[in-house]
Amino acid sequence: MDLPSTKIIGITGGIGAGKSVIARIFKEMGITVFDCDSVAKSLYNSDDTLRKFIVENYGQSLYNTPSGKLDRALLAKILFSDSQALHKVEEQVHSRTIESFKQWVAIQHTEWCGLESAILYKVKPLMDMCNAVVEVDAPEALRIKRVRVRDDAPIEAIKKRIAAQYITIPTNLIQPLFCIVNDDAYPLLPQVRKVFQKLSQL
């Protein structure tokens with residue numbers, strides 16, 4: 001894969017850890033950030049290739065909604081009971097998201113830009129594009145509390161989401177790794193500034 005001239009810092013961490021908060025701070029420091037997870041969700045409706053794949057494999061009924069947008073609950077029900085289907089859909093979503101990111105990063109004109117993704121370590125083509133990685137972490141109890149406030153979701157459902165999304169830091173990671181603790185005790189700005197200063201040395 002051809003690497004872009006702009007350097008990329010991956011921003012990752014589990015649900016409720018605070019990736020988006022760190023991404024916002026980076027933006028204020030002049031590093032634009034591509035929100036991989038939000039883009040992936042939007043592609044179900046905006047990307048013709050992905051939409052065609054969903055319809056051809058799982059039926060037009062998935063888009064027979066008043067708005068004409070994907071019935072996410074129905075798709076989730078289909079994929080929950082079929083691991084092969086889940087894998088195929090994930091492959092398609094990852095492929096289209098990677099293409100969107102490559103198009104986005106190609107028009108960036110800063111030394112660094114960011115890539116925010118909860119599953120960054122699982123998507124090798126994206127990891128290969130990163131020149132550094134920030135891992136955002138927080139205690140699980142605090143993460144659950146944040147998600148409850150944000151999504152108004154039951155605790156058990158949140159715990160299942162955390163368990164399903166759990167990804168360890170690769171042991172063979174070659175990129176510089178920076179860890180930011182977002183536990184409401186350690187101030188975030190000094191931690192991000194430290195990372196920002198380190199980036200200028202890479």
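W104 counts as buried at 19% relative accessibility, where buried means under 20% relative accessible area, exposed over 50% and partly exposed in between (1.4 Å probe, protein chains only). The model is predicted, so local features need pLDDT of at least 70 and side-chain atom pairs count only at pLDDT 80 or more, while totals for chains, interfaces and linings use all residues. Residues are numbered from 1 along each chain as its sequence is written, and side-chain values use heavy atoms, with hydrogens and water left out.

**Aromatic pairs**

- Four aromatic pairs are counted, under the rule that rings of Phe, Tyr and Trp (its six-membered ring) pair if their centres lie within 6.5 Å, with planes under 30 degrees apart taken as stacked, over 60 as edge-to-face and the rest as tilted.
- One of them joins F34 and F101 edge-to-face, at 5.1 Å centre to centre and 65 degrees between the planes.
- Because F34 lies in strand 2 (residues 33-35) and F101 in helix 5 (residues 83-106), this pair ties together parts 67 residues apart in sequence; helices (H or I, at least four residues) and strands (E, at least two) are DSSP runs numbered from the N terminus.
- F34 is buried at 7% relative accessible area, and F101 is buried at 0%.
- F34 also forms a tilted pair with W104, at 5.4 Å centre to centre and 55 degrees between the planes.
- That pair links F34 in strand 2 to W104 in helix 5, 70 residues apart.
- F34, F101 and W104 form one aromatic cluster.

**Charge over a ring**

- The charged end of R51 sits over the ring of Y63, 4.0 Å from the ring centre; this requires NZ of Lys or CZ of Arg within 6 Å of the ring centre and within 35 degrees of the ring normal.
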